[in-house]
Amino acid sequence: MKYLAVTCTALLLASCVSTKSTLKNIDNTAKRPAYANEMYVLTEYAADNNYGFDPDYPVNIGFIHEKQELINITYYFNALEGLNGEKISFKKIDTCCPFPTKNTTMGAGTIGVYEVTLEGTAKKLTMYFNTFEKGKILCPKGLSIKKFPTSKE
């Protein structure tokens, strides 16, 4: 009976993760951008409308430790603003979309789902983040890169 329970549990867990990743924008050679003043220094815009807004095209900021997720997500959003300079606020609302990865001892990762709001608007965006794989960290379409503060001399 114990053997049957262990076998069923193992099959159930294995069935939750696809054996093939559906992620389309992994780039293991990508480097995380520099950061200063608690924000990433972003310089490039995404060419694809799906970037960040589709679970198959998440913002890949990994590989980072789970405890560093909020820090890195905050640095990312601190570098962005709305197209008209609106301040961005965000909160994690879910975790979804298990996928296979070699970057965890369990062999699987998940995508963080964040709700993004622009100050002064009722507009809410849903963005997806992968902390287990690397990729180019870009500004998604519909948002803009904040001007990096420079010191006055």
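The model is predicted. Its largest nonpolar core holds 26 residues, of which Tyr-76 and Phe-77 touch the most other members. Strand 7 (124-130) is one of the elements that give two or more residues to this core.

**Nonpolar cores**
- In the largest core, with its 26 residues, the members that touch the most others are Tyr-76 and Phe-77.
- Two or more residues each come from strand 2, helix 2 (69-78), strand 6 (108-118), strand 7 (124-130) and strand 8 (143-145).
- The greatest share comes from helix 2, which gives four residues.
- Beyond its neighbours within four places in sequence, Phe-77 is in contact with Ile-88, Phe-90, Val-116, Met-127 and Phe-129.
- A separate core of seven residues lies apart from the largest one; among its members are Leu-23, Ile-111, Tyr-128 and Phe-132.

**Strand 7 and its partners**
- Five of the seven residues of strand 7 are buried, leaving this strand mostly covered.
- Strand 6 and strand 7 run antiparallel and are joined by seven bridges.
- These two strands form a hairpin with five residues between them, and Gly-120 in the turn has a positive phi of about 80°.
- Strand 3 pairs with strand 7 in the parallel sense, over two bridges.
- Phe-129 in strand 7 is the bridge partner of Val-59 and also stands opposite Gly-112.

**Asn-25**
- Asn-25 sits in the loop between helix 1 (2-16) and strand 1 (35-36).
- Its relative accessible area is 17%, so Asn-25 counts as buried, the cut-off being under 20%.
- A polar atom of the Asn-25 side chain lies 2.8 Å from the backbone oxygen of Pro-58.
- The side chains of Asn-25 and Asn-60 are joined by a polar contact of 3.0 Å.
- Not counting residues up to four places away in sequence, Asn-25 touches Tyr-51, Asp-56, Tyr-57, Pro-58, Asn-60, Lys-134 and Gly-135.

**Ala-46**
- Ala-46 belongs to the loop between strand 2 (39-40) and strand 3 (59-60).
- With a relative accessible area of 7%, Ala-46 is buried.
- Ala-46 and Pro-140 are 94 residues apart in sequence, while their C-alpha atoms are 5.2 Å apart in space.
- Leaving aside neighbours within four places in sequence, Ala-46 is in contact with Tyr-51, Leu-138, Cys-139, Pro-140 and Lys-141.

Definitions and conventions:
Residues are numbered from 1 along each chain as its sequence is written. This is a predicted model: local features need pLDDT of at least 70, side-chain atom pairs count only at pLDDT 80 or more; totals for chains, interfaces and linings use all residues. Side-chain values use heavy atoms; hydrogens and water are left out. Buried means under 20% relative accessible area, exposed over 50%, partly exposed in between (1.4 Å probe, protein chains only). Contact means heavy atoms within 4.5 Å. A nonpolar core is a set of buried Ala, Val, Leu, Ile, Met, Phe, Trp, Tyr and Cys residues joined through side-chain atoms within 4.5 Å. Two strands pair if DSSP finds at least two bridges between them. A polar contact is a pair of N or O atoms within 3.5 Å; within protein, one must be able to donate a hydrogen and the other to accept it, and residues adjacent in sequence count only if both atoms are side-chain atoms.
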